[in-house]
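Here is a friendly walk through one structure, written for someone who likes to think in strands, contacts and torsions. Have the viewer open beside the text and follow along.

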Amino acid sequence: MATGTGEEDASISKYIAAGSQPPPSNHLYETRATPYGGRGAFARGPIAKNTDILSCAGPYASVIFRPFKKEVCAWCFAYAFESGKSKWSIKLSVDNAGAWFCSEHCEELWIKEHELVQGEGVQWWLEINGAFERLIAQMSQSGTKGTRKSSRVVGESTSTRFAHLEDLKSKEVTQELVDKAWSIAEKTLSDKGTAIQFTQPLNNLELDTARYLLDGLLHKILEDARPDATRALSTLSSIAIGAGRWADYLELQDNEVPHICSKPYVLASHVRIYCFLRQLFPLLAGSKGMPSGPSDLLRRYLTSSTTVRALLQRDPGNVFGIWDMAPEAEESEMLGWGAYVFGSYFNHDCDPNITKRREGRAVVFYTIRDVCADEELCISYVDDAPVGERIAHLERDWFFSCRCAKCIQDLANVS
Ligand SMILES: C[S@@+](CC[C@H](N)C(=O)[O-])C[C@H]1O[C@@H](n2cnc3c(N)ncnc32)[C@H](O)[C@@H]1O
C-alpha cells in the first residue's frame, strides 16, 4: 500500500509506462471491490475532517442548460447573475451557437483545450455547434411542441419501426430488446431513400441530453486528434486529476438496462436523440473545416451508434449536477450536469463522510468528519428526506436499494 508521495508517484508511473490507465486511487484512498458489489473508495489510513481527497479538474462531457448558455462561463462555469450581470459579454459565436466567457483568460484556456490543431482556432467546433442550432430551428419549424409520449423525430415510415418502444413496460426490458432497438435504428438510418422528417421536436430534456452527447463526441474527437490535449493526470503527486480520457469514461458503471427498466420511455427517447444527431451530416456537408471537414469528423463517430450509446450508458447514475455558487443559506440552482469521471467511484451513504464543492470548472471532494483507516468514503446522492422517500429516490434514479446503517435505523424507527 502506498503511504507517501514518493511511492504514489512510482505506482502511477508504472501505469503510464505500461500505457494503461491508473486506477482512480491516490495516496489517501484506494478504489476496490465492495463486499456488496461494484467498486468503492476506501481510506488507506485515518483522514482528518475537512481534508481534500480528490480534485477533478473538469468534466469529460458536460451540458449547461440552454437558458443559461450566455449566463454561464463556458470554461469556469461562473454564473453572470452572481456578478450582477444579465449575461457574459466575451463570446465566440456563429449561427446563434457558441461559447460565452466571464474573462479573456477563460476564453484563452477554453480555446487552447478545444483546438483540433494547436494554433488553428476553434472554427470546427463552432461549425458543428452552429449546425446543431440550425437543426433545432428546422425541427421547431416542422413540428409543434408535443409531449414526450407523442413526440417523433423520424417520419412515418421510420417511426412505425419504433412504435413498440413508446409503450414499453419495465418487465419487457432485456439486454436483447435494447440491443435490437439500437440495431434497428442504425439500419433504418443507413437505408437509402428512407426519408427522415421531424414531425415533433425533441423536448427540452432530450435537447440537453443531445448537447451532452455532442460535447462528449467532440471531446473524443479532440482526444483522438490530439492525445496530449486531454491529460488524465494533471499532478501526479497530489489529489488533483484531469478530466480523464475516453478509456476512463468507459470504466464507469454501465447503467443502460437498469435505467431503461426504471424509466422505460428513455429507450425510445435515446433512439430519437441519436436520429436527431445523425441529421447533422447534411447540414455540415458543404463546410470547409480542417483538417478533414466537420461533417467527416462527426460521420466517423456517429455512423455507428456505439459512441453515443457508450455515453448514454454511463450518463445516468454517474454524472454530477453543476450548481451555482449560492451561499449555503440561499436556494441554489442547477445550471447543467457533467461527468467528473474519477469522482464517480464514491458510493452513496445517507450519513456520508465526504461531500463536494465546486471550484470553478473543478469539483473537489473532501471529508466532513474524521475517517478511520479502511473506512469506505461515501457521499450522499440525495437530499435529506424521510427514509421511504430516500429509498424510493435511490431506487428510481440510482438503481439500488439503500440499506445503509441510517436507513436500517430509520426503517426500524418507522415500524
Ligand atoms: C456513481 S456509481 C458508484 C461507483 C460504482 N459502485 C462502481 O462500481 O462504478 C453509483 C452506483 O454504485 C452503486 N451504489 C452506490 N452506492 C450504493 C449503496 N449504498 N448500496 C448499493 N449500491 C450502491 C449503485 O449501483 C449505483 O448506481
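How many bridges join strand β3 to strand β12? Four bridges do, and the two strands, residues 52–56 and residues 362–367, run antiparallel. One of the pairs to look up is S55, whose bridge partner in β12 is V364.

Before going further, please keep in mind that this is a predicted model.

**The chain as a whole**

The protein chain has 14 helices and 13 strands. Of its 415 residues, 38% count as buried. Among contacts with a separation of 6 or more, residues 24 or more positions apart account for 69%.

Where domain 1 meets domain 3, five residues of domain 1 are in contact with eight residues of domain 3. The side of domain 1 that touches domain 3 is made up of two nonpolar, one polar and two charged residues.

**Around β12**

Strand β12 also pairs with β11 (residues 354–359): six bridges join them, and the strands run antiparallel. Within this pairing, R358 has V363 of β12 as its bridge partner. β11 and β12 form a hairpin with two residues between them. In the turn sits G360, with a positive phi of about 65 degrees.

Four strands form an open sheet in the order β1-β2-β13-β10, with mixed pairing. β1 (29–33) and β10 stand at the edges with a single partner strand each, so one side of each is left without a neighbour in the sheet. Inside this sheet, β2 and β13 (residues 376–379) pair in the antiparallel sense over two bridges. F42 has E376 as its bridge partner in β13.

A second open sheet has three strands in the order β4-β9-β8, and its pairing is antiparallel. Its edge strands are β4 (62–64) and β8 (320–323), each pairing on one side only. From one strand to the next, the twist averages 25 degrees. β4 and β9 (residues 334–338) pair over three bridges, and the bridge partner of S62 in β9 is G338.

| Strand pair | Bridges | A bridge pair |
|---|---|---|
| β3 and β12 | four | S55 and V364 |
| β11 and β12 | six | R358 and V363 |
| β2 and β13 | two | F42 and E376 |
| β4 and β9 | three | S62 and G338 |

**The ligand and its shell**

Which residues are closest to the ligand? They are G38, R39, Q253, N347 and H348, out of 17 residues that surround the ligand. Two strands, β2 (39–43) and β10 (347–348), each supply at least two residues of this shell. By class, the shell divides into eight nonpolar, eight polar and one charged residue. The shell also draws at least three residues from each of domain 1 and domain 3.

Start with F65, found in the loop between β4 and β5 (90–94). F65 and F42 are 23 residues apart along the chain, and their C-alpha atoms are separated by 34 Å.

The other two residues stand out by their backbone torsions. Most residues other than glycine have a negative phi. D374, however, has a positive phi near 70 degrees. This residue is placed in the loop between β12 and β13, and D374 is exposed, with 12 other C-beta atoms within 10 Å.

F399 also has a positive phi, near 65 degrees, again in a residue other than glycine. F399 lies in the loop between α13 (387–398) and α14 (405–414). With 16 C-beta neighbours inside 10 Å, F399 counts as partly exposed.

Technical notes. Residues are numbered from 1 along each chain as its sequence is written. This is a predicted model: local features need pLDDT of at least 70, side-chain atom pairs count only at pLDDT 80 or more; totals for chains, interfaces and linings use all residues. A residue is near a molecule or strand if its C-beta atom, placed from the backbone, lies within 6 Å of it. Ala, Val, Leu, Ile, Met, Phe, Trp, Tyr, Cys and Pro count as nonpolar, Asp, Glu, Lys and Arg as charged, and the others, Gly among them, as polar. Domain bounds come from an automatic or database domain assignment. Two strands pair if DSSP finds at least two bridges between them. A residue is buried if 20 or more other C-beta atoms lie within 10 Å of its own, exposed if 12 or fewer, and partly exposed in between; C-beta atoms are placed from the backbone. Two residues are in contact if their C-beta atoms, placed from the backbone, lie within 7 Å. Axes are lines fitted to C-alpha atoms, for helices over the stretch in contact, and angles run from 0 to 180 degrees between N-to-C directions.
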